[in-house]
Amino acid sequence: MKMLEVQGLNVRYGAVKAVLDADLEVDDGELVVVVGANGAGKSSLLRAVAGLNKHRGRIGFAGADISARRAEQRVKRGLSLVPEGRHIFGRMTVLENLQVAAWGARVDLSAEIAGVFARFPRLEERKHQVAATLSGGEQQMLALSRALIRHPKLLMLDEPSMGLAPKIVAQMFEIIEEINAAGTSVLLIEQNARMALSIAHRGYLMETGALSGGGDARAMLEDERLHEAYFGKA
Ligand code: ATP
């Protein structure tokens, strides 16, 4: 089954065309990555799928056409976005952030919170601390936990490695891989192309609003044309 099916997606900001006729698919259980430079339109694409900006085109999700649905209806159907910059509530505690994330969802909150703390013991140690005082990595873990509490069918992550130390980035990617292996479909947007492709099944490349590729992630990792532009020198 196709979990996500995007056809002819367009996003524009006045005269700026941020996403141009993009087609993208995520199968049930797949981990798909979109790589591309800063400003290529990756965030605009994810935000459109989440219903957070104006867009044209068709968005199919878990068998239904959600193109005309509002953002909160998309969330209720099982689509979760962890936005760039994390967007946690800085003045609330870790625990309060988790409680708020579950509002309106049919979940057993105490069991879910126990699950979060089992996965991220650091968050349990800091459960009464206000979120703004957490480290960057801990804030990213909290943002991710907020999405996971709702048991999304598709988890969309916008630059989860942004601003994190290399060791924490590696941990973050391991966790994303684990979440996917446990059955959640994942759509990941990353500038850290090499690492993202190394955990993905398939990858797309985004360049000035246009999406291409959609093939095997390993093959993309070995594609000479991508090396210089996206993988750095390492
Ligand atoms: P980044 O990693 O920096 O977020 P990106 O690949 O996600 O880059 P977008 O943020 O989607 O790219 O931006 C795509 C283009 O649209 C850029 O040229 C950007 O300047 C422009 N843009 C994004 N948001 C807006 C906005 N709200 N108003 C006007 N232009 C915008």
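This is a predicted model: local features need pLDDT of at least 70, side-chain atom pairs count only at pLDDT 80 or more; totals for chains, interfaces and linings use all residues.
A backbone N or O atom of Ala 40 is found 3.0 Å from a ligand oxygen atom, and a polar backbone atom of Lys 42 is 2.9 Å from an oxygen atom of the ligand. Of the 620 Å² of accessible area that the ligand has on its own, the protein covers 60%.

Is Ser 44 buried or exposed? Its relative accessibility is 9%, so Ser 44 counts as buried; the cut-off for this class is under 20%. The side chain of Ser 44 is joined to that of Tyr 13 by a polar contact of 2.6 Å. Leaving aside residues up to four places away in sequence, Ser 44 touches Val 11, Tyr 13, Ala 18, Val 19 and Asn 53.

The side chains of Ser 43 and Glu 84 make a polar contact of 3.3 Å. Glu 84 belongs to the loop between β6 and α3, the latter covering residues 94-101. With a relative accessibility of 29%, Glu 84 counts as partly exposed. Beyond residues up to four places away in sequence, Glu 84 touches Ser 43, Asp 158, Glu 159 and Met 162. Glu 84 and Ala 143 are 59 residues apart along the chain, and their C-alpha atoms are separated by 9.9 Å.

The loop between β6 and α3 also contains Arg 91. Arg 91 counts as exposed because its relative accessibility is 82%. Which distance separates Arg 91 from Val 130 in space, given 39 residues between them in sequence? From C-alpha to C-alpha, the two residues are 5.5 Å apart.

Attention now turns to the strands. Side chains in a regular strand alternate between the two faces of the sheet. In strand β6, residues 79-82, both faces are covered. Leu 79 and Leu 81 are buried on one side, as are Ser 80 and Val 82 on the other. Strand β6 pairs in the parallel sense with strand β7, residues 154-158, over four bridges. Within this pairing, Val 82 stands opposite Leu 157 of β7.

Strand β3, residues 31-35, is largely enclosed by the rest of the structure, because five of its five residues are buried. Both of its faces are covered. One side carries the buried residues Leu 31, Val 33 and Val 35, and the other carries the buried residues Val 32 and Val 34. Which strands pair with β3 in the parallel sense? One is β8, residues 185-190, with five bridges to β3, and Val 33 stands opposite Leu 188 in β8. Another is β9, residues 202-207, which pairs with β3 over four bridges; here Val 32 has Arg 202 as its bridge partner.

An open sheet of four strands has the order β2-β1-β4-β5, with antiparallel pairing. At the edges stand β2 and β5, the latter at residues 64-65; each has a single partner strand, so one side of each is left without a neighbour in the sheet. Further in, strand β1, residues 2-13, pairs in the antiparallel sense with strand β4, residues 56-61, over five bridges. Asn 10 has Arg 56 of β4 as its bridge partner.

Notes:
Residues are numbered from 1 along each chain as its sequence is written. Side-chain values use heavy atoms; hydrogens and water are left out. A polar contact is a pair of N or O atoms within 3.5 Å; within protein, one must be able to donate a hydrogen and the other to accept it, and residues adjacent in sequence count only if both atoms are side-chain atoms. Accessible areas come from the Shrake-Rupley method with a 1.4 Å probe; for residues, only the protein chains shown count as cover. Buried means under 20% relative accessible area, exposed over 50%, partly exposed in between (1.4 Å probe, protein chains only). Helices (H or I, at least four residues) and strands (E, at least two) are DSSP runs, numbered from the N terminus. Two strands pair if DSSP finds at least two bridges between them. Contact means heavy atoms within 4.5 Å.
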